[in-house]
Amino acid sequence: MTTLTQHYQQLPACFYSVVENDLNIKSDIYLFNDSLAEEMQFNVSPPESLIESLMAQDHRPIAQAYAGHQFGNFNMLGDGRAMLLGEYQSPNMQMFDVHLKGSGRTEFSRGGDGKATLSAMLREYIYSEAMAGLGIPTTRSLAVLTTGEKISRQQEEQGAVLIRLAKSHLRVGTFEYAVAFQNIEAVTALMDFSIQRHYPHIEMNEKRAYNFLKAVINKQAKLISEWLRVGFIHGVMNTDNMTISGETIDFGPCAFMNKYDPQTCFSSIDRDQRYAFSAQQSMAKWNLCRLTECLLPLLDSEEPQAIAIAQQLIREFDEQFEQCWQVMMHQKLGFDKIDDNVKPLIEDLLALMFHHKLDYHNTFYALTYDAEQIELAPLTQWLEDWAGLLTSQGVDKQTAQELMKTVNPVVIPRNHLVEQMIHEAVELNEQSNLQQLLLDLKTPYTKKVSPLSYFDIPANHDETHQTFCGT
Ligand code: AMP
Ligand code: MG
């Protein structure tokens, strides 16, 4: 049996609620992540018995308490359709939460049924594994299980459960919960627990709140620039969907940008485009302001001093994000260090891509691989400027392209493909294209012969495409 630990329960009991009702999940494995199971050295096979063993622990699962700002409004939330089975220590001594999503009602379910649809869980599986393949910090998906239940949404849908692994499920919203509904002792306990779990290098002295915030801010600045590198739009960056570990979490209405437009926003519920592609760094900063506010009393006992420290920390987010973004964009064009002469070249390229509605992914792919099938006519002058700058920097194009190959993917999960694969899987019980997509997404920086095309986007797809929160 794979025994899971219960370190989270070292926190005060206000941070969780024990799930007493029977799991009672009659489940068939629909997707199983063999390579992740192997990486984790889950020494149980076949997959059915691994899953059985993960679910059959001697202790009860728990639902974690958290609150959050959803589209700017504060709400009490908590695991309403998920639960923590326990933690697992991987072969490289990293601790992972083993989570079930869609596993039924908990104390935090409010009016919801605690269930999840097969299509929503497949979506999370595809996007989280795509992010992992792209080398971007993310929660992982070990398996999708169908429950055989029909669950009621806009129409009846098949029920499913996702087994998710995450470095933890500590969220900005967990701190907001502790501040709003508990006391300073609870906030301090949560911070100390978070430090031990994610930032053990931080010394446990009176400066630890400052160092902790600095570490989280650093991780998020890097994470958001990584999203922008590949054109990822999270879609619902509420504070409850922002981790303390710096992993991407909760793949609801997320999508990848096709044609370059900073305002791209596909989510049907994001009417004000709060979480549009290029708003993501400012929304991350907004969320980090909420986290910093939570820890104000721990930054300094005098409020004015605490506020001054907080403001300086938040300014650091801007500086760090700008630094990460510049390094990332320089690399996308083959420059391995930041150079003031390259900055206008980046700006010009983005302006041209926007003006000519060029595909973000295809454009960088064409630059990286000299792919002639991709139309770059609007960039003729820019291409000359780029070549000239590479020469004047003493970088030969081949060396530049070797660097570019490590940051400009060949494969991203194109939105229309994801929708098609989910449709085929859910409506037709046909998995072959989905399996192909998942295989290609494992090595997204390698050119490949695949029956799936990652370069052609159906006409007007972006104009009509909408994503949903998918509960
Ligand atoms: P999410 O959109 O997944 O970030 O969820 C936001 C909040 O709604 C969380 O507290 C979830 O637990 C809760 N929630 C979402 N779907 C359901 C559901 N079907 N039943 C109960 N709670 C839900
Ligand atoms: Mg969430």
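Predicted model: local features only at pLDDT ≥ 70, side-chain atom pairs only at ≥ 80, totals over all residues.

User: Which residues form the negative surface patch here?

Analyst: Glu322, Glu347, Asp348, Glu384 and Asp385 make up the negative patch. Two helices, helix 10 (342-355) and helix 12 (380-392), each supply at least two residues of that patch.

User: Is Glu347 buried, partly exposed or exposed, and which helix is Glu347 in?

Analyst: Glu347 belongs to helix 10. Its relative accessibility is 43%, so Glu347 counts as partly exposed. The cut-offs behind that are under 20% for buried and over 50% for exposed.

User: On to the metal. What coordinates the magnesium ion (ligand 2)?

Analyst: A general point before the case: ideal angles at a metal are 109.5 degrees for four tetrahedral donors, and 90 or 180 degrees for six octahedral ones. In this model, Asn241 (OD1) and Asp250 (OD) coordinate the magnesium ion, at 1.9 to 2.1 Å. Water is not among the atoms, so sites may look incomplete.

User: Are Asn241 and Asp250 buried or exposed?

Analyst: Both Asn241 and Asp250 are buried. For Asp250 the relative accessible area is 13%, which is why it gets that label.

User: What about the backbone at Asp250: what is its phi, and where does Asp250 lie?

Analyst: The phi of Asp250 is near 65 degrees, a positive value in a residue other than glycine. Asp250 is placed in the loop between strand 11 (232-233) and strand 12 (255-256). Gln273 also has a positive phi, about 55 degrees, and is not a glycine. You'll find Gln273 in the loop between strand 12 and helix 7 (280-294). Gln273 counts as partly exposed because its relative accessibility is 37%.

User: While we're on the backbone, where is there a cis peptide bond?

Analyst: Look at Ser45 and Pro46: a cis peptide bond joins them, with omega about 5 degrees. Pro46 lies in the loop between helix 1 (34-39) and helix 2 (47-55).

User: Now salt bridges. How many does the structure hold?

Analyst: The idea is that side chains of opposite charge can pair when their charged atoms come close. The structure holds 24 salt bridges. Take Arg123 and Glu419, whose closest N and O atoms are 3.0 Å apart. That pair links distant parts of the chain, with Arg123 in helix 3 (residues 118-133) and Glu419 in helix 14 (residues 415-428), 296 residues apart. Arg123 is buried at 9% relative accessible area, whereas Glu419 counts as partly exposed at 29% relative accessibility.

User: Which residue does Glu129 form a salt bridge with, and what does the pair tie together?

Analyst: Glu129 bridges to Arg140, and their closest N and O atoms are 2.6 Å apart. Since Glu129 lies in helix 3 and Arg140 in strand 9 (residues 140-152), the pair ties together parts that are 11 residues apart in sequence. Glu129 counts as buried at 11% relative accessibility, and Arg140 counts as buried at 16%.

User: What about Lys259 and Asp462?

Analyst: Their side chains meet in a salt bridge at 3.9 Å, N to O. Lys259 is in the loop between strand 12 and helix 7 and Asp462 is in helix 16 (residues 461-464), so this pair ties together parts that are 203 residues apart in sequence. Asp462 counts as buried, at 16% relative accessibility.

User: Which residues are joined into one network by salt bridges that share partners?

Analyst: Asp79, Lys101, Glu124, Arg164, Arg171 and Asp250 form one network of that kind. Asp250 is also one of the residues coordinating the magnesium ion.

User: Last one: where does Lys357 lie, and how far is its C-alpha atom from that of Lys259?

Analyst: Lys357 lies in the loop between helix 10 and helix 11 (360-369), and is exposed with a relative accessible area of 58%. The C-alpha atoms of Lys357 and Lys259 are separated by 5.5 Å, while the residues are 98 apart along the chain.

Methods: Residues numbered from 1 in each chain as written. Chains lettered and ligands numbered in written order. Heavy atoms only, no water. Donors = N, O, S within 2.8 Å, 3.2 Å for Na, K, Ca; no water. Buried < 20%, exposed > 50% of the residue type's maximum accessible area, 1.4 Å probe, protein only. Patch = residues over 30% accessible without salt bridge, like charges linked within 9 Å, V, L, I, M, F, W, Y side chains within 5 Å. Areas by Shrake-Rupley, 256 points an atom, 1.4 Å probe, with all protein chains shown as cover. Salt bridge = Lys/Arg side-chain N within 4 Å of Asp/Glu carboxyl O. Lys, Arg positive; Asp, Glu negative; His and termini not counted. Charge placed at Lys NZ, Arg CZ, Asp CG, Glu CD. Helix = DSSP H or I, 4+ residues; strand = E, 2+ residues; numbered from the N terminus.
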